[in-house]
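This report walks through selected features of one protein chain. Keep the sequence and the 3D view open while reading.

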Amino acid sequence: MGVFAEVARPAILTAGRSDRLRRTAERVPATRRVVHRFVAGETVTAALDAVACLRASGRLVSIDHLGEDVTDADTADTNTEIYLALLDALAARGDAPEATDTARPLEVSLKLSALGQALPRDGEKIALENAHTICERARRTGALVTVDAEDHTTTDSTLSVVRDLRAEFGWVGVALQAYLRRTYGDCVQFAVGGARVRLCKGAYDEPAALAFRHRDDITDSYLRCLKVLMAGDGYPMVASHDPAIIAAAAGIAAETHREVHDFEYQMLYGIRDAEQRRLAAAGNQVRVYVPFGTQWYGYFLRRIAERPANAKFFLRALTERRE
């Protein structure tokens, strides 16, 4: 697997869970400068500025207010209110939704643990209620909603909430992580149900009993899952920066008789921007995942852990002298 995958990646992910290191990083100006490569800013206004640039280049967007593992109901309520304000602000932009329930230009992404899922009492119920409130506002403003994936301990609860939401809001999407051994079966179920599914590789340090850990095994699992989604009744969202997966997706789409409007590519804000533009210019639907907010530390460390190139960029930027 290499030194990065065996040693560096687990260490980086462990650092991402450290409150002490988080507090230190948040005080270092150089770190905050580099974070803007991957995070649009800390406010709704900053997120809207990023959205405007991406939409001007023909790309779709999915906006995530950063935060997870909330341990008090007040913070969960605050995060919900921020999403409502974001949706109202997006509606005020006048970016009209598409006629379909799959490829509308504007979407918000929700982490249920930011909405109360991890609360010790009635966490799943509280998260469902908050997510339902956000979906109601999204329906009125013409935006989509996708529920993000988190670590494996939340998967059953998250998929239960998604199924409840989809009973009323059929356009609610779900993120599935291909490195989890269970995901092929989850893809089968959601593909049959006609769901919007964001398929990503996975960004948490999971045990080998539950997840594939070798890069080639993860890629193989991703492609098996993608074939299920492309052959199903839903709307696949190919969330990957891997050139092999991007190249394979077009071929799988052709084999399953999908046109370019029947699926989309998704990439993260600040990563492979030129490739995003190339795919969009070629007529593909490309959605960019745009995170914003003050709770950027855990998200940022997961991006660094995903690819050696990201880690090299971070170290290089920290050592560069400012003009």
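## Tyrosines, covered and uncovered

Tyrosine 184 is partly exposed, because its relative accessible area is 42%, and partly exposed covers values between the buried limit of 20% and the exposed limit of 50%. The model is predicted, not experimental. Tyrosine 184 sits in helix α8. Together with Val188 and Val192, Tyr184 makes a nonpolar surface patch of about 280 Å².

Is tyrosine 83 buried or exposed? Tyrosine 83 is buried, with a relative accessible area of 1%. Its helix is α5, which spans residues 73–92. Isoleucine 63 lies 20 residues away from tyrosine 83 in sequence. In space, the two C-alpha atoms are 9.4 Å apart.

## Cavities

How many cavities of 30 Å³ or more does the model hold? The count is 2. The largest cavity has a volume of about 80 Å³.

The lining of the largest cavity includes Ala149, Glu150, Thr154 and Thr155. Thr158, Leu159, Ala175, Leu176 and Gln177 are also among the lining residues. By class, the lining divides into 5 nonpolar, 5 polar and 2 charged residues.

## Salt bridges

Side chains of opposite charge can pair when their charged atoms come close. The structure holds 17 salt bridges. One of them joins arginine 139 and glutamate 168, at 3.4 Å from N to O. This pair links distant parts of the chain, 29 residues apart. Arginine 139 is in helix α6 (residues 123–141), while glutamate 168 is in the loop between α7 and β4. Both ends are partly exposed: arginine 139 has a relative accessible area of 39%, and glutamate 168 has 40%.

Another salt bridge pairs arginine 182 with aspartate 186. Their closest N and O atoms are 2.8 Å apart. Arginine 182 is partly exposed, at 34% relative accessible area. Aspartate 186 is buried, because its 6% relative accessible area falls under the 20% cut-off.

Arginine 213 is partly exposed, with a relative accessible area of 35%. Aspartate 205 is partly exposed as well, at 29%.

Which residues are linked in a network of salt bridges? Asp64, Glu107, Lys111, Asp148, Arg196 and Arg198 are linked in this way.

## Aspartates in loops

Most residues other than glycine have a negative phi. Aspartate 69 has a positive value, with phi near 55 degrees. Its place is the loop between β1 (60–65) and α5. At 47% relative accessibility, aspartate 69 counts as partly exposed, because that value is not over the 50% needed for exposed.

Aspartate 122 also has a positive phi, near 60 degrees. Aspartate 122 is found in the loop between β2 (106–110) and α6. Is aspartate 122 buried or exposed? Aspartate 122 is exposed, because its relative accessible area of 52% is over the 50% cut-off.

Aspartate 233 belongs to the loop between α9 (215–231) and β6 (235–239). Aspartate 233 is exposed, with a relative accessible area of 62%. Glycine 193 is 40 residues from aspartate 233 in sequence. Their C-alpha atoms are 6.9 Å apart in space.

Terms used
Residues numbered from 1 in each chain as written. Predicted model: local features only at pLDDT ≥ 70, side-chain atom pairs only at ≥ 80, totals over all residues. Heavy atoms only, no water. 1 Å grid on protein atoms, 1.4 Å probe; cavity = no way out; pocket = protein on both sides within 12 Å on 5 of 7 lines; lining within 4 Å. Points joined across faces, edges and corners; volume = space filled by probe spheres on them. Nonpolar A, V, L, I, M, F, W, Y, C, P; charged D, E, K, R; others polar. Patch = residues over 30% accessible without salt bridge, like charges linked within 9 Å, V, L, I, M, F, W, Y side chains within 5 Å. Areas by Shrake-Rupley, 256 points an atom, 1.4 Å probe, with all protein chains shown as cover. Salt bridge = Lys/Arg side-chain N within 4 Å of Asp/Glu carboxyl O. Helix = DSSP H or I, 4+ residues; strand = E, 2+ residues; numbered from the N terminus. Buried < 20%, exposed > 50% of the residue type's maximum accessible area, 1.4 Å probe, protein only.
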